[in-house]
Amino acid sequence: MSANTDFTLAIEELTVSFDGFKAVNDLNLYVDKNELHVVIGPNGAGKTTVLDLICGKTKATSGSIKFLNKELTTMPEHKIVRAGVGRKFQTPSIYENLSVFENLEVSYPYGRSVLGSLLFKRTEKVERKIIKIAQDIMLEDSLDMPAGLLSHGQKQWLEIGMLLIQDPQLLMLDEPVAGMSVKEREQTAELLNKISKGRSVLVIEHDMDFVERIADKVTVLHQGKILAAGDMKKVQNDPKVIEVYLGH
Ligand code: ADP
Ligand code: MG
């Protein structure tokens, strides 16, 4: 195996087998710094399982996942988060009764519990950071609003903000625009383009207009294996990809 010292994320020969069924089968995938990498593919291709493997929710059967040259396959989930990997799930996990500001504040890495961080003295530095992130996620005018009153799209943005405040070097998002309006999708594309400057972003998505707007690189998964990889144009014109995915 090569050293791959320059990649933020280097996945090599990664396999996970569930009772003999290989949901991810000998996968190699590399993500550079500042790269926005999108994984597409039919349902059941193994996309979500790849994110589960990276964040330590699922343990690999074999292979390697190196994040900034640290091996993740043997690391527990909470250490992977602390090492700088943030992951957003499909359903947002925000605190509906807390305000937007408070949701961002409890996610600031100085406190590990809701109570602990609410009791922590609010410093100017933290407050400035919260406001900056609220601007990035287009919620600067809703800081005092209970998060439960936000629209579906705004809740997704808030959760992205709750990850951003922890400054992850790798941010992973599973179908971030599902259920969003056309306008919200456009705004989310802008947001992701902005936040991929300075970190690596790995996104799973089906909406090809959206993928086209954001992707530096696309990997197509099929039955746990890579069907094609490259820039959007190359992948879109690949006859195998058209046959198993885009043609439907
Ligand atoms: P995708 O996100 O591409 O739609 P998934 O990664 O969710 O696909 O699933 C890939 C395959 O692995 C599916 O056949 C799914 O049923 C199976 N799978 C995923 N997680 C588990 C698990 N924990 N145990 C058993 N089978 C699983
Ligand atoms: Mg999935």
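Reply:

**Helix pair and ligand shell**

In this predicted model, the axes of helix 6 (residues 152-164) and helix 7 (residues 182-195) come within 11 Å and cross at roughly 10 degrees. Angles under 35 degrees count as roughly parallel. Helix 6 and helix 7 are therefore roughly parallel to each other. Two numbers carry this description. Packed helices are described by the angle between their axes and the distance between the axes.

Now the residues. Helix 6 brings Gly153, Gln154, Trp157, Ile160 and Leu164 to the contact. Helix 7 meets them with Glu184, Gln187, Thr188, Leu191, Leu192 and Ile195. By class, the residues of this contact of helix 6 with helix 7 are six nonpolar, four polar and one charged.

Next, the ligand site. Which residues are around ligand 1? They are Phe18, Phe21, Ala23, Pro42, Asn43, Gly44, Ala45, Gly46, Lys47, Thr48 and Thr49. The shell around ligand 1 has five nonpolar, five polar and one charged residues.

Which elements supply this shell? Strand 2 (21-31) and helix 1 (47-54) each give at least two residues of the shell around ligand 1. Helix 1 has the largest share, with three residues.

A polar side-chain atom of Thr49 lies 2.6 Å from an oxygen atom of ligand 1. Gly46 uses its backbone: a polar atom there is 3.0 Å from an oxygen atom of ligand 1. For Ala45, a backbone N or O atom lies 3.2 Å from an oxygen atom of ligand 1. As for cover, ligand 1 has 560 Å² of accessible area on its own, and the protein covers 58% of this area.

Methods. Residues are numbered from 1 along each chain as its sequence is written. Chains are lettered from A and ligands numbered from 1 in the order in which they are written. This is a predicted model: local features need pLDDT of at least 70, side-chain atom pairs count only at pLDDT 80 or more; totals for chains, interfaces and linings use all residues. Side-chain values use heavy atoms; hydrogens and water are left out. A residue is near a molecule or strand if one of its heavy atoms lies within 4 Å of it. A polar contact is a pair of N or O atoms within 3.5 Å; within protein, one must be able to donate a hydrogen and the other to accept it, and residues adjacent in sequence count only if both atoms are side-chain atoms. Accessible areas come from the Shrake-Rupley method with a 1.4 Å probe; for residues, only the protein chains shown count as cover. Helices (H or I, at least four residues) and strands (E, at least two) are DSSP runs, numbered from the N terminus. Ala, Val, Leu, Ile, Met, Phe, Trp, Tyr, Cys and Pro count as nonpolar, Asp, Glu, Lys and Arg as charged, and the others, Gly among them, as polar. Axes are lines fitted to C-alpha atoms, for helices over the stretch in contact, and angles run from 0 to 180 degrees between N-to-C directions. Angles under 35 degrees count as roughly parallel, over 145 as roughly antiparallel, 65 to 115 as roughly perpendicular and the rest as oblique. Contact means heavy atoms within 4.5 Å.
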